[in-house]
Amino acid sequence: MATAPSEPVTFGGQLLRQAQLDPDRPALTCDGITLTRMQLLDSVRRLAGLLADRGVGCGSVVTIGLPNSIEMIQTILALWWLGATPQPISHRLPPGERDAIIDLADPTVVVGVPSAELTGRLGLSLEGLRIGCQTDGTDPGEPVVSPIWKITTSGGSTGRPKLIVPNQDADWEAMMSYADLVVLPWDGVVLVTGPMAHNAPFVVAGLSLLRGNHLVLMSRFEAGATLSLVEKHAVGWLYLVPTMMLRIWRLPAAERAGRDLSSLQVAYHMAAPCPPWLKQAWIDWFGPEVILELYGGTEGQAMTVITGTEWLKHTGSVGRPVFGEIHARDDEGARLGPGEVGELWMRRGADEPSPYRYIGADPRSAEEGWESLGDIGYLDEEGYVYVTDRRADMILVGGSNVYPAEIEAVLDAHPAVRSCAVIGLPHEELGRVPHAIVELAEAVTDEDLLDHVRAHLAPYKVPRSLERVAEPVRDDAGKVRRSALAAARIGVEV
C-alpha cells in the first residue's frame, strides 16, 4: 500500500509518519542487522539531539566520512531532521585529500573522524556516534527543512576536489519528482549496492527511505552477495553500475540460475557507459522491461532515461532527455548534426537558472547557459543520446582520436577479464598510445587478449602494452581515476 502523504511534509516528518503507520515494518538492513521504522526513528532523534549539542542546526554543513552502514543512514536522517546539510565523503580518502575537501566544505562537525585527526575542527568518531544513537539526550525538537539538502564531492577527471551544491532545499515535492523519475517504489524493498559517498547511491538510499521502502544497504559490493540479498529480502528495485553488472555476469551460470530473483521489477544502472554486449546479456536475463538506465551529472543540468525496450531499438543509447536539453558541438563550438561525434553540452532550459553551484571549481560554460561535463558523444535523428567517452580521457594517437571506453568495452567482453582501464602513455612518434591495465579472473596470455581486441577494433586502437594487476581497477561505484593511473606510470603529479 502506498504511503504518499496528502500534503507536503518535512523529511523528518515523513519518517515520523511512516513509523506511526507501521512501527514494526523493516526500514533498514545492513550487514545482517535490521531496524524497524520505529527503531530507526528513535535512533535518529537521539542522534539529532547529540549533534544539536555540538552546534549543528538549520543550515549547518556536516561532513560524513563513514562507510555504508546503519550509522551512515542514521547520521543523514538526523541531519535532515535538524535542517542541516549532509556532505558525504569516502572513508578511504588519505588525510591530505580528505582535509582538502573538509576545508572547502567548512563543516560544523566531521562525523567519522576523531577530533584528534582534525585541525581546529570538531570531530565525532564512529564509537561516539553509536553511543549517541542509543542514549537519550537533548530533545531535537520538531523536524525542519534543510535549505540545502545535500552537498556531494567530485574529483572529475583531474582528481582535484570540488563540491557540488544544489540550489534546492529539502523540499518533499521536488524530491518525490526525482524518485518518480527512477521509478522508486512506495513501501517496497530497495537494494543499494554502491558507496553512499557517491551521489546516486546517496540519493537512491535517502529517497527510498522517505518513500517507506525497506532499504537493504550493502557495506561493500560483492557479486554473489547481491543475488543472495535480492532472493532473501525479495528486492524489487536494484541499483547497479556497469562494473557490478559485469562482476555479477561473470559468476558461474549455475550460481546465477540457482537464485530466485523473481521479485526484481527494476534493475537501474547509471554512473558509467555500459558495454552493449553486457546490457544485452542483462536484457536477455531479466527482460527489457526490467532494465533501465539513467545518464546525467550530479550537477543536474539535464538527464536522460532509457528503458530496455527503447534500447533494443537504439542500441548503445542512454536515452532522450527527460528534463533539460543536450546537444553535441565540435572543437570550434559549432553545433553538430545527427550522428556527428563531439562534446556534449547541456542546460536546464533557455530561461532556467542553474540548478547548482561549485565550491572549488568553475563550470565549463558557454553562452545562454550551456555547460559541459566533458563527455563525448552524439545524438541520433530522434534525439537519443549516445555517450562514447570523457573528453579528458581521449587519447590522440598519431592524430587519430581513441576513446578508452571503446577499448575497455571490448576487453571486458573477454571472459578472462574481471575489470580493466585504458590510459594513454607517451610515445616518441605517435604522441600517446593506449596502455591497458587489466585484472584477470583466469589465466590468459597477452597475445590472446590483444588478438581479441584486434578482432573488434582498428589497429591504431589496439593497446601497445598490457599491465596485469591483482586488485580491481575500478571502485565499487564503477569509477576510475585515469589521471592518477597515468601519473603513477609516467612519474608526474595530478
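This is a predicted model: local features need pLDDT of at least 70, side-chain atom pairs count only at pLDDT 80 or more; totals for chains, interfaces and linings use all residues.
Residues are numbered from 1 along each chain as its sequence is written, and side-chain values use heavy atoms, without hydrogens or water. Local features need pLDDT of at least 70 and side-chain atom pairs count only at pLDDT 80 or more, while totals for chains, interfaces and linings use all residues.

Start with the open sheet of 9 strands, in the order 2-1-10-9-11-12-13-14-15 with mixed pairing. Strands and helices are DSSP runs numbered from the N terminus (strands E, at least two residues; helices H or I, at least four), and two strands pair if DSSP finds at least two bridges between them. Select 33–36 and 320–323 next: strands 2 and 15 stand at the edges with a single partner strand each, so one side of each has no neighbour in the sheet.

Move on to strand 9 (residues 189–192) and strand 11 (residues 237–240), which pair in the parallel sense over 2 bridges. Here Val190 has Trp237 as its bridge partner.

**The rings.** Now select Phe11, Trp80, Trp149 and Phe202, which form one aromatic cluster. Rings of Phe, Tyr and Trp (its six-membered ring) pair with centres within 6.5 Å; planes under 30 degrees apart are stacked, over 60 edge-to-face, the rest tilted. The whole structure holds 12 aromatic pairs. Among them, Trp80 and Phe202 are edge-to-face, at 6.1 Å centre to centre and 80° between the planes. Trp80 belongs to helix 3 (residues 70–82) and Phe202 to helix 7 (residues 199–210), 122 residues apart.
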